[in-house]
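Colleague: I would like to learn how to read the place where two parts of a protein meet. Could you walk me through it with an example?

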Amino acid sequence: MEKIFSSARAIVTGGSRGIGRAVAELLVTQGARVLLVGRDTERLQQRIRELNGLFPEHAFAFACDMADQPASADRVVDYAVKTIGKPTLLLNGAGGASIVRAMDAPWSLWVEDFQVKFFGYLAMARAILPIMTEQRRGVIINIVGIAGKDPNPALPIASAVNGALNGVMKVLADDASAYGVRILNVNPGATQTDLLTAMAKSAAKESGQNVADVIDQMRARSPLKRLPGPMDIARIVVFLMSSQADFVTGTSIDVDGGIHRGV
Ligand SMILES: NC(=O)c1ccc[n+]([C@@H]2O[C@H](COP(=O)([O-])OP(=O)(O)OC[C@H]3O[C@@H](n4cnc5c(N)ncnc54)[C@H](OP(=O)(O)O)[C@@H]3O)[C@@H](O)[C@H]2O)c1
């Protein structure tokens with residue numbers, strides 16, 4: 001039976017861990033050729049071996065720091081064209097979220113977090129859009145975060161980055177639609193990845209609690225009383241990338257178990 005992404009060529013930034021890793025795995029199992037991007041070369045090589053074990057010669061890697069924009073984005077896209085071919089899918093997932101109060105955050109941290117996530121996602125979209133519009137085909141999905149709609153005082157920079165991404169991706173989607181290219185944001189709530197563990201450790205240190213208690217409290221706040229894993233988010237991402245969702249663009253989809261109260 002033909003795989004649903006057998007003609008797809010995808011770049012997955014942040015593909016070595018967490019949500020990006022799960023998206024890359026689903027794409028490869030559905031036949032896509034995938035280029036993973038992260039900083040840690042060894043971790044990337046390990047992922048490539050795992051993915052090529054599922055589907056030989058479908059996974060490739062490029063190590064770079066997404067803080068260096070727009071140079072990194074241009075290098076990633078050039079390398080993708082040479083290895084997987086002209087990309088038809090982009091998952092922007094390389095980033096984090098610093099736990100700090102707004103008035104305590106040093107200027108350098110604001111700049112650094114905007115460089116990696118806001119400018120990282122934007123530079124990737126700018127670098128890939130000419131290739132997608134030329135092909136009259138393409139989907140860009142950005143892993144943004146519910147703090148963009150529901151600003152969180154413990155995540156002031158992520159709240160600002162995510163809000164800015166909601167704005168800029170909407171206007172890019174307006175222009176890309178004329179070429180049959182879709183752009184969407186996906187907003188996870190707290191999701192069990194290395195990032196969540198790091199955030200829980202930081203919150204535990206601040207409050208004097210232990211990490212397990214902090215995570216239990218996050219779970220208790222969730223209307224569904226559970227925290228999702230990366231695959232819970234990845235399944236929605238891959239659905240939105242598929243032709244099943246070909247009339248969905250220019251919006252953001254919350255995958256947060258209902259914790260955000262806005263409708
Ligand atoms: N987990 C959550 O609760 C949650 C909630 C809302 C939004 N999000 C957002 O979802 C996205 C993915 O988060 P995650 O939870 O999957 O994080 P994660 O498990 O920490 O994985 C982050 C990925 O991004 C890569 N990365 C980080 N900084 C990078 C940089 N400067 N240059 C290149 N690659 C970089 C990491 O690889 P290397 O370390 O090797 O570079 C890794 O592959 C982030 O934008 C995050 O803000 C997450």
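This is a predicted model: local features need pLDDT of at least 70, side-chain atom pairs count only at pLDDT 80 or more; totals for chains, interfaces and linings use all residues.

Colleague: Which domains is the protein divided into?

Modeller: Domain 1 covers 9-189 + 229-255, and domain 2 covers 192-227. Their C-alpha centres are 24 Å apart. Ten residues from domain 1 and eight residues from domain 2 take part in the contact.

Colleague: How many salt bridges does the rule find across the interface of domain 1 and domain 2?

Modeller: Two salt bridges are found there. As for polar contacts, the count between domain 1 and domain 2 is one residue pair, with both residues at pLDDT 80 or more. On the domain 1 side that touches domain 2, α1 (18-29) and α8 (230-241) each contribute at least two residues. By class, that side has five nonpolar, three polar and two charged residues.

Colleague: And how do I read the size of an interface?

Modeller: Interface size is often given as the accessible area lost when the parts come together. Here, domain 1 and domain 2 bury about 680 Å² between them, and 62% of it is on carbon and sulfur atoms.

Colleague: Which residues in domain 1 lose the most area to domain 2?

Modeller: Those are Arg17, Ile99 and Gly229, which together make up 49% of what the domain 1 side buries.

Note on methods. Residues are numbered from 1 along each chain as its sequence is written. Side-chain values use heavy atoms; hydrogens and water are left out. Domain bounds come from an automatic or database domain assignment. Contact means heavy atoms within 4.5 Å. Buried area is the accessible area (1.4 Å probe) that two parts lose on being put together, summed over both. A salt bridge is a side-chain nitrogen of Lys or Arg within 4 Å of a carboxyl oxygen of Asp or Glu. A polar contact is a pair of N or O atoms within 3.5 Å; within protein, one must be able to donate a hydrogen and the other to accept it, and residues adjacent in sequence count only if both atoms are side-chain atoms. Helices (H or I, at least four residues) and strands (E, at least two) are DSSP runs, numbered from the N terminus. Ala, Val, Leu, Ile, Met, Phe, Trp, Tyr, Cys and Pro count as nonpolar, Asp, Glu, Lys and Arg as charged, and the others, Gly among them, as polar.
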